[in-house]
Amino acid sequence: AALAITINSMLDRIQDAVAERDRVLGSQRLFVANAAHELRTPLTTMRTAIDVTLDGEPDRAELVAMAGDIAAAVDTSRRTLDGLLILARSHAGPLRREPVDLATVAAAAVAASAGRAADVAVILEADLRRAPACGEPVLLERMAGNLLDNALRYNHDGGHVTVTCGIAEGYAFLRVVNTGPRVTPEEHQRLFEPFVRGAANGTRGAGLGLSIVGAVVTAHDGELFSVPRSGGGMDITVTLPPALPVAGTPG
């Protein structure tokens with residue numbers, strides 16, 4: 001009986017190790033496939049800029065313009081790789097968790113977005129109440145930042161973005177509501193897939209923001225609720241398990 005218990009325990013550990021290996025390999029394959037797919041465009045842009053400019057005897061102005069095109073393509077590549085690394089990390093397996101207040105995370109995201117909101121003439125408002133949760137701070141910060149980035153990117157002059165957080169039914173929540181163009185049901189179904197960009201956004205952005213939000217929420221055993229607003233824009237709420245069990249709450 002003791003031997004059987006030992007063998008069963010050993011097999012359980014082996015099974016867990018194999019499952020963890022498969023998660024890591026799957027994350028790596030996802031990263032490589034997505035990177036290969038998405039980096040073609042900026043690399044093609046750089047190559048075209050170089051070939052067209054150097055096909056002859058370019059003057060200083062043409063060389064400066066070429067350098068600007070290459071710098072923009074490099075910046076696009078960097079943002080894409082940063083997003084893919086976070087996306088892969090959130091799929092890689094169990095996270096190292098620690099107590100995190102979503103109010104602190106949201107406040108940092110709001111402060112970082114204030115200047116951009118002013119630049120695009122969008123009113124940014126926040127009502128941040130204490131919302132203790134448990135998770136990896138870096139991923140949660142990126143989640144909040146991406147929600148704010150999406151709310152500002154898909155907006156219009158004179159629009160609004162409202163950020164609230166707190167505790168509801170024992171769970172920490174972060175809610176971001178923004179005005180903007182109408183989102184069709186078809187667009188809404190695909191918004192949280194990698195490399196999907198809203199029609200109103202054209203080709204700007206890497207199309208990874210909301211897919212990262214969804215992956216981070218899943219990795220933290222949370223839930224994500226998203227609905228298009230009737231007047232345009234989105235209403236997105238993230239809920240996360242509390243830092244400590246709360247009596248009388250589900251789960």
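I began with contacts, meaning heavy atoms within 4.5 Å. Among contacts in the protein with a separation of 6 or more, 73% join residues 24 or more positions apart. I noted the basis of my values: this is a predicted model, local features need pLDDT of at least 70, side-chain atom pairs count only at pLDDT 80 or more, and totals for chains, interfaces and linings use all residues. Residues are numbered from 1 along each chain as its sequence is written, and side-chain values use heavy atoms, with hydrogens and water left out.

Next I listed the elements. I found seven helices and seven strands. Both are DSSP runs numbered from the N terminus: helices are H or I with at least four residues, strands are E with at least two. The order from the N terminus is α-α-α-β-α-β-β-α-β-β-α-α-β-β.

Then I checked burial. I used under 20% relative accessible area for buried, over 50% for exposed, and partly exposed in between, with a 1.4 Å probe and protein chains only. Of the 251 residues, 37% count as buried.

Accessible areas come from the Shrake-Rupley method with a 1.4 Å probe; for residues, only the protein chains shown count as cover. The protein exposes about 14200 Å², and carbon and sulfur atoms supply 58% of that. I14 sits in helix α1 (residues 2–38) and is partly exposed, at 45% relative accessible area.

Last, I checked phi. Most residues other than glycine have a negative phi. A121 is not a glycine, yet its phi is positive, about 60°. A121 lies in the loop between α4 and β2 (123–128) and is partly exposed at 39% relative accessibility. D221 also shows a positive phi, near 60°. I placed D221 in the loop between α7 and β6 (223–228). D221 is exposed, with a relative accessible area of 56%.
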